[in-house]
Amino acid sequence: MTERLVVIGGDAAGMSAASQARRLKGPDELSIVAFERGHFSSYSACGIPYWVGGDVAERDDLVARTPEEHRARGIDLRTRTEVVEIDVAGRRVRALDRETGTSSWTGYDKLVIGTGARPVRPALPGIDAPGVHGVQTLDDGQGLLDSLDRTGPGPRRAVVVGAGYIGVEMAEAMLKRGFEVTVLNRGEQPMATLDPDMGRLVHRAMDGLGITTVNRAAVTEIRTGPDGRVRAVVTEAATYPADVVVLGIGVEPETTLARAAGLPLGPHGGLLTDLSMRVVGHEDIWAGGDCVEVLDLVAKRTRHIALGTHANKHGQIIGANVGGGYGTFPGVVGTAVSKVCDLEIARTGLREKDARAVGLRYVTATIESTGRAGYYPGAAPMTVKMLAEYRTGRLLGMQIVGRDGAAKRVDIAAVALTAGMTVEEMTALDLGYAPPFSPVWDPVLVAARKASTAVREAGSA
């Protein structure tokens with residue numbers, strides 16, 4: 001007897017799950033119906049800033065698999081169709097056709113929820129005015145590009161609200177588009193995913209690139225002109241003229257449907273799942289991607305992390321389990337990288353405030369080095385900060401700000417965190433060396449040596 005799998009969400013988690021399930025079970029065993037409220041499927045939301053900035057030439061370059069390609073593989077993908085209700089008891093979902101306005105129910109034997117995340121959009125006067133843009137979907141990116149094209153000649157001013165990953169990436173995109181860019185940041189320093197001392201390095205570099213960054217700037221209003229379009233962003237202290245506003249405040253799990261259906265949510269608003277990505281307490285419902293909370297392997301708590309890497313892994317695991325195979329997702333260590341122009345930013349594990357929040361005592365070590373041998377042409381500086389647990393020396397986290405291949409060095413620490421290594425053990429890692437790629441002592445090893453010394457000194461004090 002043919003079972004039916006219903007998938008809510010046509011991007012990374014949902015369509016990875018559908019595709020993997022289809023590989024394991026043919027249409028005679030498993031029919032698959034997927035609903036996507038937008039026009040596109042299986043695309044890289046992380047690539048939108050680079051498309052907007054011109055590094056990626058075409059929108060379609062960000063699409064890994066089109067709706068037509070999914071349909072050719074035996075997946076009934078219905079675009080411009082939004083699921084508006086989940087009836088858990090009745091094992092069915094109600095979907096709204098956004099073109100015709102009609103809705104209908106579809107039953108399921110198994111359900112996958114991949115509703116993603118939604119941009120934080122504070123309830124401010126003027127927040128919905130033309131010219132104010134979030135950048136979560138390809139439709140959002142196209143809307144922003146259309147808005148940029150409508151901006152007239154002469155000085156063009158963009159205000160980016162928020163200075164996290166999305167904010168700094170969109171600041172770079174606006175700069176490349178020829179706009180004067182101001183970033184309004186509510187926090188003490190940009191990149192709140194870093195400790196403030198590392199965030200200051202990002203701030204200094206952004207200023208050097210011609211991006212004006214204003215910290216401790218709480219936006220109170222978005223002001224519009226006679227035509228209704230945005231004209232300025234108002235904070236408690238000043239007014240900043242704007243021809244376009246980009247919201248880079250961050251995202252939160254899109255779990256409106258799940259909450260209404262009574263499914264379990266965690267402290268950050270994301271769906272709670274077991275190791276197989278099955279929703280806790282529900283045998284035939286799975287969830288993955290930006291709408292779930294995942295276990296932080298270092299802090300031993302759940303957290304919400306919106307990244308395509310996790311979403312695709314979740315989808316593969318869900319699809320394997322739905323299709324009769326087996327897979328688990330053990331958790332994350334919180335690795336992320338970004339850039340603004342040639343400045344690279346990376347972090348993994350815990351910040352200082354994260355360690356304090358879970359009751360861990362720690363020491364820190366910060367070093368400055370270069371990505372290549374100092375005598376080799378093109379050697380550029382980088383700063384590495386490392387956190388280690390007091391007494392045990394267990395690595396707790398690492399942050400990097402620099403240039404010339406700085407960011408990907410964070411992967412060394414990500415592996416060490418996953419393995420539970422101490423900073424002393426890290427000093428003996430056999431990392432690749434040649435002058436074009438690294439000094440004799442790689443910056444990560446230099447930081448580990450300094451952190452190891454700090455651990456010994458703290459233990460003997």
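**Ground rules.** I am reading a predicted model, where local features need pLDDT of at least 70, side-chain atom pairs count only at pLDDT 80 or more, and totals for chains, interfaces and linings use all residues. Residues are numbered from 1 along each chain as its sequence is written, and side-chain values use heavy atoms, with hydrogens and water left out.

**Tyr 376, continued.** Tyr 376 is partly exposed, because its relative accessible area is 32%. The scale: buried is under 20% relative accessible area, exposed is over 50%, and partly exposed is in between (1.4 Å probe, protein chains only). Then I looked up its contacts (heavy atoms within 4.5 Å). Setting aside residues up to four places away in sequence, Tyr 376 touches Pro 435 and Pro 436. Pro 436 is 60 residues from Tyr 376 in sequence, yet their C-alpha atoms are 6.4 Å apart.

**Helix H10.** I listed the buried residues of H10 (residues 410–419): Val 410, Ile 412, Ala 413, Ala 414, Ala 416 and Leu 417. An α-helix has 3.6 residues a turn, so residues three or four places apart point the same way. What do the buried residues of H10 pack against? I found strands S21 (336–340), S22 (343–349) and S25 (395–402), plus helices H11 (423–426) and H12 (443–460). Just after H10, Gly 420 takes a positive phi of about 70 degrees.

**Thr 348.** I moved to strand S22, where Thr 348 lies. Thr 348 counts as buried because its relative accessibility is 1%. Beyond four places in sequence, Thr 348 touches Val 333, Gly 334, Thr 335, Gly 397, Met 398, Val 410, Ala 413, Ala 414 and Leu 417. Val 410, Ala 413, Ala 414 and Leu 417 are among the buried residues of H10.

**Val 446.** I found Val 446 in helix H12. Val 446 counts as partly exposed because its relative accessibility is 27%. Leaving aside neighbours within four places, Val 446 is in contact with Ile 367 and Trp 441. I also checked Thr 427, which is 19 residues from Val 446 in sequence and 7.7 Å away, C-alpha to C-alpha.

**H1 against H8.** At what angle do the axes of H1 and H8 cross? I read roughly 35 degrees for H1 (residues 12–24) and H8 (residues 308–322), with the axes coming within 7 Å. Axes are lines fitted to C-alpha atoms, for helices over the stretch in contact, and angles run from 0 to 180 degrees between N-to-C directions. The crossing of H1 and H8 is right-handed. That is, the near helix is turned clockwise from the far one by less than a right angle. On the H1 side, the residues include Ala 12, Ala 13, Ser 16 and Ala 17. On the H8 side, they include Ala 311, Asn 312, Gly 315 and Gln 316. By class, the contact has nine nonpolar, six polar and one charged residues. Ala, Val, Leu, Ile, Met, Phe, Trp, Tyr, Cys and Pro count as nonpolar, Asp, Glu, Lys and Arg as charged, and the others, Gly among them, as polar.

**Positive phi.** Most residues other than glycine have a negative phi. I noted Ser 42, whose phi is near 45 degrees. Ser 42 sits in the loop between strand S2 (30–36) and helix H2 (48–52). Ser 42 is buried, because its relative accessible area is 12%. I also noted Arg 391, with a positive phi of about 75 degrees. Arg 391 lies in the loop between S24 and S25. Is Arg 391 buried or exposed? Arg 391 is exposed, because its relative accessible area is 57%.

**Leu 265.** I found Leu 265 in the loop between helix H7 (256–260) and strand S18 (285–287). Leu 265 counts as partly exposed because its relative accessibility is 22%. Outside four places in sequence, its contacts are Thr 255, Ala 258, Arg 259, Gly 270, Leu 271 and Leu 272.

Note on methods: Helix = DSSP H or I, 4+ residues; strand = E, 2+ residues; numbered from the N terminus.
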